[in-house]
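Hello,

Here is the structure for you to look over. My notes follow below it.

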Amino acid sequence: MRFTIPNLLSILRMGLVPLFIIAILDGRPERALAIIVLAGVTDGLDGFIARFWRQESLLGSYLDPMADKLLLISAYVVLAIPGTTPGGLIIPMWASVTVIARDVLMVILSVVFYLALGIKRFPPNWLGKTTTVVQIATAVLVLLARMRPATPGLETAAHFAIYLTAGLTVASGLYYIYRLSRLPAGSTTTSPGSPIDE
């Protein structure tokens, strides 16, 4: 097995997760935000390199979404812990549980469908991609709202984003289940995708 540059960038994103968690627990939202920005840059870079230099691989189709999910789930766990930033906004526990439960459900269902029906690939969809973008934007807004001095209206925007994220998360989860139910047994679609794609 040969690691490509996009694969290594995905692994680098995974390595940023502990640094992100430490930054949040230390009450350093600025550092955590910088790590998210760096992760976003590497995410875009690995996708560009994979397409431009034709370095797409089966391993990459798993590593890339895994890296994204790992950082996102970590964000929704640690940002729900009270007291990490004194007086700072936290993501409500119910919202974090909603986001994490959907991703866990997606993985479990994908494994079950693969073992029972031989379905190996799951093409991404617009609702899932939109949900992921909104989830990331919400985490960024919460981090910005934790920074001092506080920006007027930012906390209100973050609260709105949290509810929007919860709604989209539920909707995309239900749509994912619907799409799975419509896939024929043994489906091996040629569209890029992996069992943990949206």
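D103 and K69 are both buried. This is a predicted model, so please read everything here with that in mind. The side chains of D103 and K69 meet in a salt bridge, with N to O at 3.4 Å. That pair links distant parts of the chain: D103 sits in helix α4 (residues 93-117), K69 in helix α3 (residues 58-78), and 34 residues separate them.

In total, the structure holds six salt bridges.

**Around R13**

R13 deserves a look. It is buried, with a relative accessible area of 2%. R13 forms a salt bridge with D43, and the closest N and O atoms are 3.5 Å apart. R13 lies in helix α1 (residues 5-25) and D43 in helix α2, so this pair ties together parts that are 30 residues apart in sequence. D43 is partly exposed, at 26% relative accessible area.

R13 also forms a salt bridge with D46. Here the closest N and O atoms are 2.6 Å apart. D46 lies in helix α2 and R13 in helix α1, so this pair ties together parts 33 residues apart in sequence. Both D46 and R13 are buried.

**On the surface**

Helix α2 (residues 29-52) also holds L45. L45 is partly exposed, with a relative accessible area of 40%. Together with F48, F52 and W53, L45 makes a nonpolar surface patch of about 460 Å². The cut-off for joining a patch is over 30% relative accessible area, so L45, at 40%, clears it.

**The loop between α3 and α4**

G87 is in the loop between α3 and α4. Is G87 buried or exposed? It is exposed, with a relative accessible area of 69%. G87 and R146 are 59 residues apart in sequence, yet their C-alpha atoms are 8.0 Å apart in space.

**Where to start**

I would open the view on R13 and its partners D43 and D46. Then turn to D103 and K69, the buried pair. After that, go to the patch made by L45, F48, F52 and W53. Finish with G87 and R146, at 8.0 Å C-alpha to C-alpha.

Best wishes

Key. Residues are numbered from 1 along each chain as its sequence is written. This is a predicted model: local features need pLDDT of at least 70, side-chain atom pairs count only at pLDDT 80 or more; totals for chains, interfaces and linings use all residues. Side-chain values use heavy atoms; hydrogens and water are left out. Patches are made of residues with over 30% relative accessible area and no salt bridge: like charges are joined within 9 Å, nonpolar side chains (Val, Leu, Ile, Met, Phe, Trp, Tyr) within 5 Å. Accessible areas come from the Shrake-Rupley method with a 1.4 Å probe; for residues, only the protein chains shown count as cover. A salt bridge is a side-chain nitrogen of Lys or Arg within 4 Å of a carboxyl oxygen of Asp or Glu. Helices (H or I, at least four residues) and strands (E, at least two) are DSSP runs, numbered from the N terminus. Buried means under 20% relative accessible area, exposed over 50%, partly exposed in between (1.4 Å probe, protein chains only).
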